[in-house]
Amino acid sequence: MSSALSLRRISHMSSNGWDRLFKSESMVRAGLQPFEIIHQSGIYSVRHYLPLTEESISMGDETLPVTQKRNKIPLVLIAPLAVNMYVYDLLPERSFVRYLMAQGFDVYLIDWGKPTRKQAGLTLENYIKEFLPACLNAVRAHSGSQKLNLQGWSMGGGMALAYTALFKDENINKIVTFGTPIDGHANGPIGQQYKRLAHLLKSARINFRKVPAKLLYTPGWANVIGFKLLDPVGSLKGYWNLVSQLHDREFVAQHANQAAFIDSLEAYPGGALRDWFASIWLENETAHGHFKVGKAVANFKDITCPVLGIAGKTDNLANVACCKPITKVVGSEKSEFFIGPGGHIGIMSGKESPNTIWAKTVNWLNA
């Protein structure tokens with residue numbers, strides 16, 4: 001490498017490093033797709049993304065034409081708790097909502113907001129029996145369509161399944177889940193640890209569901225640390241890649257956008273966290289096809305609409321074996337399971353997602 005090229009590389013590294021450390025907000029291009037709020041109650045709201053005006057959009061390294069053919073059934077994205085909405089619109093060229101709209105979907109997104117300690121007592125019963133029905137009713141009123149397609153990532157997929165089973169909503173047309181755990185005890189070594197913990201709690205006659213919700217409230221910063229500790233090697237590798245690619249402005253910008261999402265996780269209401277942890281990881285009741293919603297029970301065999309379950313090949317939070325039983329527990333005559341590239345976040349916003357997971361989702365919904 002010539003001295004001139006070396007000096008130029010060092011200059012780029014210095015400039016990019018300074019901006020990444022002290023001006024990272026100038027690199028963030030997440031959350032730019034325009035939307036309107038069609039419903040808000042308390043901390044949660046429903047977004048409706050405004051139609052694209054372009055004839056084509058950049059998606060990854062390709063140009064994607066914006067179709068004029070519209071899917072008549074609105075698609076509702078149900079976010080999990082504790083995440084910010086950047087992941088759905090991480091970069092203009094890696095935006096799930098832009099991709100869906102370019103493929104002819106009318107896209108709505110449920111944003112669960114920013115819970116504080118005042119909302120520590122919220123349970124999954126609140127979300128599934130009260131908040132989610134209100135959001136779906138708002139979408140129906142706004143769109144004029146009673147039929148809806150649902151897509152849920154992680155816990156959001158569990159909410160979609162539990163709602164549909166509990167209310168036996170015949171107007172749910174199709175459901176797609178991304179990285180939604182079904183058999184928690186099949187989730188590798190961590191699943192086996194939860195299984196042993198469940199046995200110990202049962203032997204000690206400790207009912208985890210009776211732990212006070214306020215004690216389990218988890219602030220956003222704790223969720224950030226916990227998320228990174230679940231894959232410490234991957235987290236360290238990410239920073240090492242940043243250092244090694246510091247001369248590449250585009251790579252540094254992508255790292256800043258990913259960090260804007262991961263480093264800005266929201267709090268978990270203690271009651272909801274308790275319910276999810278008990279049902280999925282301790283009692284593993286979803287592996288047997290049901291899910292407790294307060295005193296009610298959602299039986300997944302009551303789900304008769306088509307269901308597509310998607311898992312990430314390298315997902316450490318909800319692995320393939322953990323997600324795969326979805327086709328066995330639902331009552332749908334048409335159910336399918338698909339394995340795509342990426343980890344728990346990669347299935348939502350990874351570089352390979354548009355041509356694999358997103359394309360599969362669109363083709364399946366349109367079939």
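Predicted model: local features only at pLDDT ≥ 70, side-chain atom pairs only at ≥ 80, totals over all residues.
**Entry 1: a first pair**

Which side chain does Arg-209 meet in a salt bridge? I looked it up, and the partner is Glu-285, at 3.7 Å from N to O. For a salt bridge I take a side-chain nitrogen of Lys or Arg within 4 Å of a carboxyl oxygen of Asp or Glu. The pair links distant parts of the chain, 76 residues apart. Arg-209 sits in the loop between helix H5 (188-203) and helix H6 (213-216), and Glu-285 in the loop between H10 and strand E9 (290-293).

Residues are numbered from 1 along each chain as its sequence is written, and side-chain values use heavy atoms, with hydrogens and water left out.

**Entry 2: the whole chain**

I found 14 helices and twelve strands in the protein chain. Helices (H or I, at least four residues) and strands (E, at least two) are DSSP runs, numbered from the N terminus. Of the 367 residues in the chain, 53% are buried. Here buried means under 20% relative accessible area, exposed means over 50%, and partly exposed is in between, with a 1.4 Å probe and protein chains only. I also looked at contacts, meaning heavy atoms within 4.5 Å. Among the chain's contacts with a separation of 6 or more, 78% are between residues 24 or more positions apart.

**Entry 3: more salt bridges**

How many salt bridges does the count come to? I get twelve. One of them joins Lys-114 and Glu-266, whose closest N and O atoms are 2.8 Å apart. Lys-114 lies in the loop between strand E6 (107-111) and H3, and Glu-266 in the loop between helix H9 (249-262) and H10, so the pair ties together parts 152 residues apart in sequence. Is Lys-114 buried or exposed? Lys-114 is exposed, with a relative accessible area of 55%, whereas Glu-266 is buried at 13%.

Then I went back to Glu-285, which counts as buried at 3% relative accessibility. Glu-285 also forms a salt bridge with Lys-292, with the closest N and O atoms 3.0 Å apart. Lys-292 is partly exposed, at a relative accessible area of 32%. Through shared partners, salt bridges join Arg-209, Glu-283, Glu-285 and Lys-292 into one network.

Two packed helices are described by the angle between their axes and the distance between the axes. My axes are lines fitted to C-alpha atoms, for helices over the stretch in contact, and the angles run from 0 to 180 degrees between N-to-C directions.

At what angle do H3 (residues 124-143) and H10 (residues 270-282) cross? The answer is roughly 95 degrees, and the axes come within 7 Å. H3 and H10 are therefore roughly perpendicular to each other, a label for 65 to 115 degrees; under 35 would be roughly parallel, over 145 roughly antiparallel, and the rest oblique. Leu-124, Glu-125 and Tyr-127 of H3 make the contact with Ala-272, Asp-275 and Trp-276 of H10. By class I note four nonpolar, no polar and two charged residues there. Nonpolar covers Ala, Val, Leu, Ile, Met, Phe, Trp, Tyr, Cys and Pro, charged covers Asp, Glu, Lys and Arg, and polar covers the others, Gly among them.

The axes of H3 and H4 (residues 155-167) come within 10 Å and cross at roughly 85 degrees. H3 and H4 are therefore roughly perpendicular too. The contact includes Leu-124, Tyr-127 and Ile-128 of H3, and Met-155, Met-159 and Ala-162 of H4. The residues of this contact divide into twelve nonpolar, no polar and two charged.

**Entry 4: Arg-274**

Arg-274 lies in helix H10 and counts as buried at 12% relative accessibility. Its side chain makes a polar contact with the side chain of Asp-275 at 3.5 Å. A polar contact is a pair of N or O atoms within 3.5 Å; within protein, one must be able to donate a hydrogen and the other to accept it, and residues adjacent in sequence count only if both atoms are side-chain atoms. Leaving out residues up to four places away in sequence, Arg-274 touches several others, among them Thr-123, Phe-208 and Arg-209.

**Entry 5: positive phi**

Most residues other than glycine have a negative phi. Ala-82 has a positive one, near 75 degrees. Ala-82 is in the loop between strand E5 (75-78) and helix H2 (96-102) and is buried at 11%. Arg-205 also has a positive phi, about 55 degrees. Arg-205 lies in the loop between H5 and H6 and is exposed, with a relative accessible area of 80%.
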